[in-house]
Amino acid sequence: MDTEDTKDATAPRAGQLPLPRPPVPPPPTHAPASGPSITEWLRTPRSADGPGVWSYGHAPRGAEEPERTPTRQLVSGALISLLAGLLLWSLLWNGYLGQFWVWPLYMFTPDSWVDPEPTMAAVVASYLWYALVIGALLFTFGRLGRWPELGRRLVAPFTGAAAGARAQPGSEPRREADPAAWPQLRAAGLDEPADRLAAEIGAGRMNDVDYARIRRAWQSVQSDPSRLAAFAEAVRTRGAAACLHPSGARDLPLRAARHDLAARQVLLGTVEASPRNPYQRRGTGLALDPGVLGTSLLAVGPSGAGKTRKLVRPVVESLALQALAGQAAVIAVGAAGAPLGPDAAYDVVIRIGDPDSVYDLDLYGGSSDPDEVAAVLAEAFVGPLPGVDTRRGATVLAQLIGPFRTAHGRFPSVPELRELLDGSATALGELRARLEGAGEQAMLREIDARARQQHAAGDLGALLADRVALLDRPAFAGFFDTSGQGRPFSLRTLEHPLRVRIDLPERGHADASRMLARLVLAQFNASAAARADRSLFVCLVLDDASHTLTAETVRGVQRLRSAHAGVVLTLRSLEDVPEELRTPLLGAVGCRMAFSGVTTWDGKRFAEAWGTEWVEARDVTSRTVFADQPLTRAIHSFRKLVTGKAVTTDAVTVRQVERERWSASELAHAVPAGCAVLSLTSVRGEYVAPLLVELRG
């Protein structure tokens, strides 16, 4: 083979100018499409018989498992009934049972047909009667031997596969019932926009996010008819790109889970076909949606159990897709480098401690009320410390933050707050001078009260200053700016469909990261409850909530259900939560999830939270049989000699007993790797008992 043939075709030959290489195509902006088309996706029926059911193509099952006879028993019964039927027919045909079975033939056959010789009519009548008798025998013994059930058991798999192979796509549904034809717009008289959207679907230019986003926009039009003209014009001119998210994105760069935006669900895994699970849920998909996330979710599992990859990432991805559709807002908080998705999947990415971070975190949560800010900061600074009352900490902070805001028109920066808490004479003197010049007597009284308490026993000023010092580090020098020159993100913006990710410097500043996580959780509880527009579902996802929860934040989590909001918390162990908060935490959340590998101590808490159930227990008692007759004793002795066991009889007692749904030992040792036990509660109060679920990777 000539070696020149193997060279690059674009390489220059002798005496020729180099040829330009073909341009490299740009990288794809989203994952390649897979699965059903948008039309098939829309026309697939959806049904759910409880919270957490993956409704896409779901077929409900009965509540009780039908009794299934083993195939071997069916075959033996069919053979025995067939032999019995053949034996009976043989006895009838050969006359061993008499001629009674042919009496009806003799009674209804005219004598002229058989006298003097049988005519053809008599022969036909005889064979018809024999066929009738054989048919009656086949029917009777077929029912006794359960031949139809055996036939369905053996033949159905082959006929079903063949029918599936020959199946043709069904006919299109009627236009008024076809979701791909936008009947809701046609019912409102918007035929032209509906035709445009239907054409976009037919041409494949619309995806599931576009459909969910435009449907959401139409719902807002129905609540505010003044937007109708703008909506119709946007659809006519832009088609599937109408009503875009402010970022302009129509999909995520990458999807790691399976989503159904028509039902706002994300598929987590499959319910195991285990006797521990209810029959109607075995083998069904398990999904999460805002209806169950609105009651908040707590997941506990050791490191490496898959909490981030199998739970947090799919949930964050689902909420990010819903944010693009204008239905939700999501804030994901995790350590720097956690696999929570690429930067392009978010609108705001805050890398605390990274000088290249574009956005900053508002330490005061966008609030203008000093008392509210002081309460939130006290939860973050001293909330988890034992023996420290957060209300006293909030009072100390309010005595300094309020006067500073009055004097400067802004809240103090981290270094300024630290100086005030340290009792710096210079800082307090300057603040007092400004207040005196402005005539703020009420704020001067706050400063005087702080000065009197500063040197009292048990004062929290020095402790708060030490906590603030964790943020007054060179790594955070450019963050928590209050001068208005940066781009701080405030949780007060939760009324907008935002996708936010906050990266905490867990590796080098663990204490500061935990304090910031507590701050974000406290601000989220306050902001979610204070929203004027609660049409969006907002969710905070904490990838690691260790040492983050306080008594007040646990109470705040419980109040999120009525605010159309929820949190997702993951823990390596309940030991990372104060002892007095473990039971209230499990009671505050509606969804509880125990991953494989939890300890028996954690399992005990989950077992108590899930309670007990009534089950049917069967007790079998064996009793040795003592025979009185010599022959019977001889038979029993021979049987014992052959089998090595005495002849016994079994007494079965069936009773209802109360037992734990999942015991601590079962949660610690009986949950397979890659699985979890999950219970769900919807915002409507529907409850799903703990299910053993195989999670998708």
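What share of the 697 residues in the protein chain is buried? Buried residues make up 43% of them, where buried means under 20% relative accessible area, exposed means over 50%, and partly exposed is in between (1.4 Å probe, protein chains only). Keep in mind that this is a predicted model, in which local features need pLDDT of at least 70, side-chain atom pairs count only at pLDDT 80 or more, and totals for chains, interfaces and linings use all residues. Residues are numbered from 1 along each chain as its sequence is written, and side-chain values use heavy atoms, with hydrogens and water left out.

**The whole chain**

The protein chain has 23 helices and 16 strands; these are DSSP runs (H or I of at least four residues for helices, E of at least two for strands), numbered from the N terminus. Its radius of gyration is 38 Å, well over the 26 Å that the globule rule gives for 697 residues, so the chain is more spread out than a compact globule. That radius is taken over C-alpha atoms, and the rule is 2.2 Å times the number of residues to the power 0.38. Along the principal axes, the C-alpha atoms fill a box of roughly 140 × 90 × 70 Å. Looking at contacts (heavy atoms within 4.5 Å) between residues at least 6 apart in sequence, 74% join residues at least 24 apart.

**Helix 12 against helix 18**

Two packed helices are described by the angle between their axes and the distance between the axes. For helix 12 (residues 370-382) and helix 18 (residues 510-529), the axes come within 8 Å and cross at roughly 145°. Axes here are lines fitted to C-alpha atoms, for helices over the stretch in contact, and angles run from 0 to 180 degrees between N-to-C directions. On the helix 12 side you'll find Glu 372, Val 376, Leu 377, Glu 379, Ala 380 and Phe 381, which meet Met 515, Arg 518, Leu 519, Ala 522, Gln 523 and Ala 526 in helix 18. The residues of this contact divide into 8 nonpolar, 1 polar and 3 charged.

Thr 44 lies in the loop between helix 1 (38-43) and helix 2 (71-93).

| Residue | Relative accessible area | Backbone oxygen by its side chain | Distance |
|---|---|---|---|
| Thr 44 | 19% | Glu 40 | 2.6 Å |
| Ser 513 | 1% | His 509 | 2.8 Å |

The side chain of Thr 44 also makes a polar contact with the side chain of Tyr 56 (3.2 Å). A polar contact is a pair of N or O atoms within 3.5 Å; within protein, one must be able to donate a hydrogen and the other to accept it, and residues adjacent in sequence count only if both atoms are side-chain atoms. Leaving aside neighbours within four places in sequence, Thr 44 is in contact with Tyr 56 and Gly 57, while Ser 513, with residues up to four places away not counted, touches Leu 504, Pro 505 and Glu 506.

**Positive phi**

Most residues other than glycine have a negative phi. Ser 296, though not a glycine, has a positive phi of about 75°. Ser 296 is in the loop between helix 10 (290-293) and strand 4 (297-300), and counts as buried at 0% relative accessibility. For His 547, phi is positive too, near 55°. His 547 is in the loop between strand 10 (537-542) and helix 19 (551-559), and counts as partly exposed at 35%.

Methods: Nonpolar A, V, L, I, M, F, W, Y, C, P; charged D, E, K, R; others polar.
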